[in-house]
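Please examine the sequence and the structure shown below.

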Amino acid sequence: MRGFKLDMYEDAVTQPLFAELASYILHALETEHQSCYDPSSLILGQICGIEFARAQASTHPCTYHPLGSFSLSPHPDGYYHSIYISAAEHTAIRQLSDLRAGSDEYRLVINQPGSFSGDILVRLLCQKQALSISDIQISGSHLNSMRMVLSGEADFAAIDSISYHMALQRFPQWADQLMQIGTSDAYPGLPFICDAHLPKAVKTTICSALSDFTTQPQWAALSSHLGVTSVAAVAAVAA
C-alpha cells in the first residue's frame, strides 16, 4: 500500500493484518487531516534498528521520525532479544558454555551482514566467548538460518525472537528439533517510523492510531502470530 512499508515481519498471516493496520491509520489521517499531508510520504514503516541509528547519526537531516516499537514480555516496553539456536540432531551444542573458547570448528550462519539480531549480536557473543569462527554462511533470512541449522549445514545462529516465534507458528515441529541454547540481552525493538518532514499534528495522529490499533479485533491475531504484547509508542512526537 502506498505510503507504508511493513515487511520486516511479513508472511502469509501478517500481510493482511498489516494491511488492516495501514487502512486504520489512513482512516484516522483522512478523518482528522483530510488532504493536509502528502500521501506520497512514508506514513508508516518499520526498519532495522541499526539502519535507524545510522540515519540518526548522519550529518544529513534525518529522514525518519520514530513512533514506537513492539513490546515482548518480560522485557521493558519496546524491547526484544535474539535467541541463539542449535539443532539436537546435528550438534553437541546444548548451551552457550558448550561453545569452547579458541575453537574454530564451528559453522555459523547469519541472515544478512549488518543485521543487528542475526549478525551483530552473534558476533558480540563470539567475541565475549573468544570464539574463532572460520565458516560464516549467509542465509538471506532468519527462516533460512533456522533451516540451515536444522539441516546440519550450520552449527548455530542468532534469530530475532519475533521471527523465531513466527517460524514456530508455521512449523510447530521445529520446537522439538531446534534447541534454544541461550538468549541475548534485551535491546530496543525494530522502530516504527514515518517521514520526519510530516507536520507534527500528522505524526501525532499516526502515532495515536498505531497505539489505538491494539484495541481493535485484528490486533489479537497479529500479536499472537508475532508473539508480542503491545506497541510501545513514543511518549511525545517532535515537531
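Which backbone nitrogen lies 2.8 Å from a polar atom of the side chain of Ser-71? It is the backbone nitrogen of Gly-78; a polar contact is a pair of N or O atoms within 3.5 Å, where within protein one must be able to donate a hydrogen and the other to accept it, and residues adjacent in sequence count only if both atoms are side-chain atoms. The model is predicted, so local features need pLDDT of at least 70 and side-chain atom pairs count only at pLDDT 80 or more, while totals for chains, interfaces and linings use all residues. Residues are numbered from 1 along each chain as its sequence is written, and side-chain values use heavy atoms, with hydrogens and water left out.

**Overall build**

- The protein has eight helices and 12 strands; helices (H or I, at least four residues) and strands (E, at least two) are DSSP runs, numbered from the N terminus.
- The radius of gyration is 19 Å, close to the 18 Å of the globule rule for 239 residues, so the protein is as compact as a globular protein of that length. This radius is taken over C-alpha atoms, and the rule is 2.2 Å times the number of residues to the power 0.38.
- The C-alpha trace spans about 60 × 40 × 30 Å along its principal axes.
- Of the 239 residues, 50% are buried, where buried means under 20% relative accessible area (1.4 Å probe, protein chains only).

- Five strands form an open sheet of mixed pairing, in the order 1-2-11-3-12; two strands pair if DSSP finds at least two bridges between them.
- Strand 1 (4-5) and strand 12 (230-233) stand at the edges with a single partner strand each, so one side of each is left without a neighbour in the sheet.
- Four bridges join strand 3 and strand 12 in the antiparallel sense.

**Ser-71**

- Ser-71 is placed in strand 3 and stands opposite Ser-230 in strand 12.
- With a relative accessible area of 1%, Ser-71 is buried.
- Leaving aside neighbours within four places in sequence, the residues in contact with Ser-71 (heavy atoms within 4.5 Å) include Asp-77, Gly-78, Tyr-79, Val-228 and Ser-230.

**Helix 2**

- In helix 2 (residues 49-57), the buried residues are Ile-50, Phe-52 and Ala-55.
- Their cover includes strand 3 (64-71), helix 3 (116-128) and strand 11 (192-195).
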